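Okay, everyone, thanks for coming. Today I'd like to talk about charged side chains and who pairs with whom. Let me put the model up.

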Amino acid sequence: MDRFRIYALEKILKQDALSPQQRTWVLEALVEKCSILCMGYSNRGKQEEARIYEQAAEQYRRTLDRNGNEVNATQPFEKEMLLHALED
C-alpha cells in the first residue's frame, strides 16, 4: 500500500502549484514512507527493493535542512526504478 502512496506523493511533488510549506510536507512524508518500505523489505529478505527505497529516502532527506525546510528542489527519485518496484 505504501508503494502506491509514494507514487502519489511523487506525482504531487512534481506539481508547481505547491507552496514551499506543502512541498516540505510532501518531502517529509516521502522520507517517512520510503523508510517504512525499506524496513519492511529488509525484514522480508528483499534486499534489492530495500536498497531502492533506502536510496530514495536518503535523496528526499538530503533535500531538507535541519529545520525541515526544503534546501533545493529535486525531481522525484529515479521514477523508473520505483515504478518497476510497483510492477513486481
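So, there are four salt bridges in this structure. By salt bridge I mean a side-chain nitrogen of Lys or Arg within 4 Å of a carboxyl oxygen of Asp or Glu. Quick housekeeping: this is a predicted model, where local features need pLDDT of at least 70, side-chain atom pairs count only at pLDDT 80 or more, and totals for chains, interfaces and linings use all residues. Residues are numbered from 1 along each chain as its sequence is written, and side-chain values use heavy atoms, with hydrogens and water left out.

Let's begin at Asp2. Which residue does Asp2 pair with at 3.0 Å? That's Arg5, with 3.0 Å between the closest N and O atoms. Both sit in helix H1, residues 2-13, and they are three residues apart, about one turn of the helix. Helices here are DSSP runs of H or I with at least four residues (strands are E, at least two), numbered from the N terminus.

Now, buried or exposed? I'm calling a residue buried under 20% relative accessible area, exposed over 50%, and partly exposed in between, using a 1.4 Å probe and protein chains only. Arg5 comes out partly exposed at 41%, while Asp2 counts as buried because its relative accessibility is 15%.

Asp2 has another partner: Lys33 forms a salt bridge with it, the closest N and O atoms being 3.7 Å apart. Lys33 lies in helix H2, residues 20-43, and Asp2 in helix H1, so this pair ties together parts that are 31 residues apart in sequence.

While we're there, look at Arg3, also placed in helix H1. Arg3 is buried, at 18% relative accessible area.

Over to helix H3, residues 47-62, where Arg51 and Glu48 are three residues apart, so about one helical turn separates them. Their side chains meet in a salt bridge at 2.4 Å, N to O. Arg51 is partly exposed at 32%, and Glu48 is partly exposed too, at 43%.
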